Amino acid sequence: MAVLHSENNKRHETLAVESALPPPSEAELKATKEAKRRFVSALKEFFDSCMPTMVESSSHIDTSGTRKPAFFDKHLHERLILDKVVYQPTLASGLQSIAVDALGSYLKKYTDRDLPEAKNHPDDPFPGPQRRKIALNQSEIQHCVNEAAIQRVYSITTAKHCSVVAATLEFQLSSWDASESYLQWNIDPEKGHTQAVADGFLQLLPDSSTISDLYRRAKNNFSRGIGIWEFKSLKAGAKDIFIAILAHTLLPEFSWERCEHGNFCHIRCRDKFKGLCKTWARTGPDADPPVCPVEKSDFQLTKRVQKESMVKGRHIIQQVWSEMVAVDATFACLNGGLYELIFRRDRANKALHLSNIIRTNAIGYAKVETGLFIAMLRDAKQRSLQIKSVRPLTWRDTPPPEKVQIPFLNHEEKQNKILFEAKSRKWLVMKPPRRDDVCFTFCRDSLYDRVDPMTFKSSDKSPDFEVDSRCFNVISEPEKVASRGELSVDDVKFTGSSLWRFDKVYTKHANYDQRSRKRLQWEAEVYCHLRETGAADCVPSILGLFRHANIEKDKKKPNGGYLTLVLEDVGSSLASLSHFIPAVKEECHRALDHIHAAGFCHGSLSLEHIIYRGGKWPGNLISFVSFGCAVKGPDDARKKQEHEELDEVLSESSLKRKAAEE
């Protein structure tokens with residue numbers, strides 16, 4: 001009460017001081033309103049700006065053609081190819097609304113006197129008229145001889161200016177020069193990226209500590225770029241070509257150009273595939289809700305399009321779509337100097353939405369581009385938020401690995417952080433540790449869904465199947481059911497750890513043995529109960545119960561595939577130890593006492609089911625696993641009997657017999 005009373009006194013003192021301050025004078029109010037007016041006026045002038053009309057120079061190179069679909073494009077998997085091109089004329093106006101919305105949010109955060117000053121000076125980071133004029137002169141816009149020259153002009157002018165404004169408004173920065181640490185447009189692809197390479201990339205640079213966790217996660221998930229650009233020369237990007245591209249929206253489906261070898265592709269192209277049948281790219285979910293509302297319309301074709309132009313348009317569409325797939329981008333921009341088209345990818349429907357033709361020399365062009373940059377930022381943020389919860393269709397569609405930084409933590413804290421992240425994932429990817437150690441536990445599409453969280457009820461009884469150790473030994477035969485494999489939850493990679501390892505992965509098929517599925521679920525419930533009671537140190541941490549996510553499509557297995565229990569990897573079984581450790585026997589009895597105190601008997605004691613954690617004694621050296629035959633509520637006689645069974649398991653004769661069998 002004393003603390004609360006002192007806090008109230010401080011609050012009253014603060015209010016008293018604020019009320020004692022004189023109100024702002026008329027001159028101060030006028031200066032504040034004038035600062036806001038200048039800021040809004042400068043932004044409006046920038047939004048209304050555009051590029052000058054580009055003309056062919058005397059040394060213009062005739063590059064009216066465009067490349068045909070390359071190897072990556074023609075061999076893209078059926079699940080990733082484009083099916084339909086859709087006309088969305090409101091896309092450009094929607095991007096302009098996004099820019100206006102970002103400006104409104106920015107003005108709400110900052111008071112009029114705190115707004116950064118937008119000076120019209122060549123050295124000021126804000127892209128005022130003088131700064132834009134100098135950038136135009138540096139770009140040598142009068143020498144547009146090919147698409148590389150148009151790329152250079154866009155990079156020095158529009159890309160640089162719009163990235164400054166977009167980053168300042170979206171991240172709500174207090175100064176214009178801080179935007180260079182957040183957003184960057186460049187032409188250099190990521191190292192190792194050699195196929196379906198675009199001409200420009202928008203990339204996040206979250207170097208500042210003030211950036212939100214969502215944008216930092218977006219940077220890690222989409223390090224290759226959150227948006228792409230493709231440039232064409234003035235002839236290859238003429239208006240007739242752009243009309244031909246839009247004419248494909250009138251066709252019922254897009255004619256994707258595939259490999260010319262047809263059914264013999266897997267034989268003729270084997271060397272280039274490096275053993276694979278198709279080219280793939282990691283694909284995440286679509287943003288939900290979408291950044292730009294989807295409003296379809298019919299394109300009105302005013303004149304007949306030549307067949308040659310339609311072919312070029314089809315090649316450009318296939319090229320841009322493949323480049324978007326390669327980096328998992330949602331937005332793309334096709335720039336031909338005088339004209340521009342904006343593409344929006346719909347992954348779920350395998351559709352491509354096209355804007356109307358945008359003139360780069362039209363008033364309001366900068367507002368469209370700024371809105372495009374902000375839309376790419378918001379789309380990356382929204383999709384990064386969904387990656388943890390939205391399961392892809394197959395493990396091949398999982399997004400790029402997310403690197404979660406865990407600095408300045410000791411081993412125990414780091415392990416707890418890893419387990420926390422693992423338990424928060426809605427799905428996981430399983431992979432065998434080595435190529436020569438593949439068992440049926442790891443299916444071709446090793447993607448698993450988390451089963452609904454298990455809640456242990458105090459009224460639950462032991463399962464109604466017989467506690468038969470012989471039956472359990474058959475079910476838990478290591479080479480058939482349990483496998484020590486490498487798992488990556490949500491394909492997340494932590495710094496310093498490539499793939500996480502866990503103790504056991506039980507995989508049982510529903511049609512093969514319904515009782516085994518029931519037994520595994522019972523085992524998971526026992527783990528959950530023991531972790532919540534005083535026996536938490538005697539069992540591994542449970543990461544969850546999962547079912548195979550791709551097996552439902554198999555007609556032979558209609559009831560839903562494999563069930564998998566994932567536990568933390570805490571060590572090796574006593575059966576794998578080369579020598580006996582004296583302190584282990586005492587630790588085993590101590591751990592078993594804790595399990596009995598929690599209300600369970602193990603039911604199937606063996607050397608394979610006792611895990612040696614390692615470390616120094618005394619301490620938590622032992623963990624028990626394989627509670628499929630566990631019995632709830634044992635009496636004192638059953639507890640005593642199990643201690644006697646443990647003595648027999650740990651006896652020297654038992655160890656010698658085990659060594660002889662090996």
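Q: Which helix gives the most to the lining of the largest cavity?
A: Helix H6 (residues 147-170) does, with three residues. Helices here are DSSP runs of H or I with at least four residues, strands are E runs of at least two, and both are numbered from the N terminus.

Q: What sort of model is this?
A: A predicted one: local features need pLDDT of at least 70, side-chain atom pairs count only at pLDDT 80 or more, and totals for chains, interfaces and linings use all residues. Residues are numbered from 1 along each chain as its sequence is written, and side-chain values use heavy atoms, with hydrogens and water left out.

Q: Back to the cavity. Which residues line the largest one?
A: Met51, Met54, Ile150, Tyr154, Thr158, Asn335, Gly337, Thr360 and Tyr365. A cavity is a set of points, on a 1 Å grid over the protein atoms alone, where a 1.4 Å probe fits but cannot get out, and lining residues have an atom within 4 Å of a point.

Q: How do they divide into nonpolar, polar and charged?
A: Five are nonpolar, four are polar and none is charged.

Q: And what volume does the largest cavity have?
A: About 50 Å³, the volume being the space filled by probe spheres set on the points, which are joined across faces, edges and corners.

Q: How many cavities of 30 Å³ or more are there?
A: Three.

Q: New topic. Where is glutamine 88?
A: In the loop between strand E1 (84-87) and helix H4 (91-109).

Q: Buried or exposed?
A: Glutamine 88 is buried, because its relative accessible area is 1%. Buried means under 20%, exposed over 50% and partly exposed in between, with a 1.4 Å probe and protein chains only.

Q: What does its side chain make a polar contact with?
A: The side chain of histidine 353, at 3.4 Å. A polar contact is a pair of N or O atoms within 3.5 Å; within protein, one must be able to donate a hydrogen and the other to accept it, and residues adjacent in sequence count only if both atoms are side-chain atoms.

Q: What about aspartate 83, where does that lie?
A: In the loop between helix H3 (71-74) and E1. Aspartate 83 counts as partly exposed because its relative accessibility is 32%.

Q: Which residues does aspartate 83 touch?
A: Glu253, Phe254 and Lys350, leaving out residues up to four places away in sequence; contact means heavy atoms within 4.5 Å.

Q: How far apart are aspartate 83 and proline 252?
A: They are 169 residues apart in sequence and 9.0 Å apart in space, C-alpha to C-alpha.

Notes: On a 1 Å grid over the protein atoms alone, a cavity is a set of points where a 1.4 Å probe fits but cannot get out, and a pocket is an open set with protein on both sides within 12 Å along at least five of seven lines; lining residues have an atom within 4 Å of a point. Ala, Val, Leu, Ile, Met, Phe, Trp, Tyr, Cys and Pro count as nonpolar, Asp, Glu, Lys and Arg as charged, and the others, Gly among them, as polar.
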